[in-house]
Amino acid sequence: MTTTLPVAERNPLSPTGKKPPVAPVRRRLLDQLTPADLRVLRLYLFTRLGLWLVAYCTSWLSPAGSDAKTPARWLSRWEQWDWAHYQHIAEYGYFDAFTGDEGASDNLVAFFPGFPLTLRAVHTVITDWTVAGLLISLVSGAVAVVALARIAGLGRPDSALAGQRATGFLLLSPAAVFLAVGYTESLFLAFALPAWLAAKNRKWPLAGLLTAAATTARISGLFLAAAITVEFLLAHDDRRVHPRLRSLFWCALPVLPAAAYTAYLYAHTGDWMAWKHAQERGWNRNFHTPAEAFRNTWHNAFDHLQTTGYAWEFQLELAAMATGLLLMAWLLYRRRWPEAVYIALSLWALGTSYWYLSIPRATLLWWPLWTGLAHWSLRRGWVKEAYVGAVAPLTVVLAVTFTSGHWSG
């Protein structure tokens, strides 16, 4: 005689007796992605493959030593410049003795703690530091490109195409290699772009929390907070005083991570300006007028004061600054005040040092540039052709330069 179990006993994990869903968390995540998001992610993965291939090539073309018979380690191609600082902070903290340059430990505090803390957390699972850093950037970049595509498509009937164009312009931008390496750009964008998207959707608490997270990675989070505050003040969805004051608090929340880091440094150094002083010691970021910064950069780019490699880098800095100024002028002309505030603060911070430094990398954080190019290309077909033909090849040049250890960005 066959005994039939009650329905509830057929599967003890399901009170209805039905088979539980497979990987429900993964299913919910996939349900949040639209077909347009998936196309953007596909483009993202293909460009990652391209950059990994560039790193493979440079491991053969530019190994250590001119007479080398074996290639460099592939992972070593990503262990360049600032990566050593991030790894050291994650592994030992800010104030332990530095194993290399004796003065370098004094300048470690110039790097905000968000990325090193994330790196340390991922390292508990991924034991290789370099792989952990690459994984952070890989996952963060995926979040960032989906958010950028959605920002580009806001309010547009051709939203999917606009999003793909904006993502393509970003991923083929000259400094795109820094979205793949274990640096802060991808992690910052993974918080900053969803924060801006939340602000455009009037979700102020979410925007404030995400911007605060972005601020742990880069000082640029404060610039984003200023832009979101302007966006909040221009919003007309609720004119009641108390709800607006509560929302304004969320806009100010990103100040807290920067304040907490400043207090932490003061407790260890006795210097309230420790972060700024480290920037000055390590990277000549002491204040100069915009005219002085321009002149110093121009002389180092064209007056044969530097070796050709560094002179070329200064030329890139000038080109990136010119791009930023044109972008800001366009935003002001279009009366897009919040984005103009963000770009203006970025340019002021980057354009008032002894010379321009790391502006090409900073362009990755200028989402109005990529969305603006996308919208322009949809009206003028030649824009995409000009970009792919004339600008995108620099992506490979700069990727080769970085992965071969010749350029810091």
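How many nonpolar, polar and charged residues does the lining of the second largest pocket have? The lining has 22 nonpolar, four polar and four charged residues; Ala, Val, Leu, Ile, Met, Phe, Trp, Tyr, Cys and Pro count as nonpolar, Asp, Glu, Lys and Arg as charged, and the others, Gly among them, as polar.

This is a predicted model, in which local features need pLDDT of at least 70 and side-chain atom pairs count only at pLDDT 80 or more, while totals for chains, interfaces and linings use all residues. Residues are numbered from 1 along each chain as its sequence is written, and side-chain values use heavy atoms, with hydrogens and water left out.

**The chain as a whole**

- The protein chain has 21 helices and zero strands; helices (H or I, at least four residues) and strands (E, at least two) are DSSP runs, numbered from the N terminus.
- Of the 409 residues in the protein chain, 47% are buried. Buried means under 20% relative accessible area, exposed means over 50%, and partly exposed lies in between (1.4 Å probe, protein chains only).
- Among contacts between residues at least 6 apart in sequence, 70% join residues at least 24 apart. A contact means heavy atoms within 4.5 Å.

**The second largest pocket**

- The space in the second largest pocket is about 820 Å³. On a 1 Å grid over the protein atoms alone, a pocket is an open set of points with protein on both sides within 12 Å along at least five of seven lines, whereas a cavity is a set of points where a 1.4 Å probe fits but cannot get out.
- Grid points are joined across faces, edges and corners, and a volume is the space filled by probe spheres set on the points.
- The second largest pocket is lined by 30 residues, and those nearest its centre are Thr323, Leu369, Trp370, Leu373 and Tyr387. Lining residues have an atom within 4 Å of a point.
- Two or more lining residues come from each of α16, α19 (367-379), α20 (381-391) and α21 (393-403).

**The largest cavity and Leu189**

- One cavity of 30 Å³ or more is present in the structure, and the largest cavity has a volume of about 40 Å³.
- Its lining consists of Tyr44, Gly141, Ala144, Val145, Leu170, Leu179, Ser186 and Leu189.
- The elements giving two or more residues to this lining are α7 (129-152) and α9 (185-200). Helix α7 gives the most, with three residues.
- By class, the lining of the largest cavity has six nonpolar, two polar and no charged residues.
- Leu189 is in helix α9. With a relative accessible area of 3%, Leu189 counts as buried.
- Leaving out residues up to four places away in sequence, Leu189 touches Ala144, Leu179, Pro194, Leu364 and Leu365.
- Leu189 and Gly141 are 48 residues apart along the chain, and their C-alpha atoms are separated by 7.4 Å.

- Helix α15 (residues 290-302) has 13 residues and reaches 18 Å from its first C-alpha to its last, close to the 18 Å expected at 1.5 Å a residue. The expected span is 1.5 Å times one less than the number of residues in the helix.
- The buried residues of α15 are Ala293, Asn296, Thr297, Asn300 and Ala301. They lie on the same side of α15 because they cover an arc of only 130° around the axis; the arc is that of the directions from the helix axis to the C-beta atoms.
- These buried residues of α15 pack against α16.
- Gln315 is in helix α16, and its relative accessible area of 31% makes Gln315 partly exposed.
- Gln315 touches Ala301 and Phe302, not counting residues up to four places away in sequence.
- The C-alpha atoms of Gln315 and Ala301 are 5.3 Å apart, and the two residues are 14 apart in sequence.

**Residues with positive phi**

- His304 follows α15 and has a positive phi, near 60°.
- Arg335 is not a glycine, yet has a positive phi of about 60°. Arg335 lies in the loop between α16 (308-333) and α17 (337-350), and counts as exposed at 64% relative accessibility.
- Ser358, also not a glycine, has a positive phi of about 70°. Ser358 lies in the loop between α17 and α18 (359-362), and is buried with a relative accessible area of 16%.
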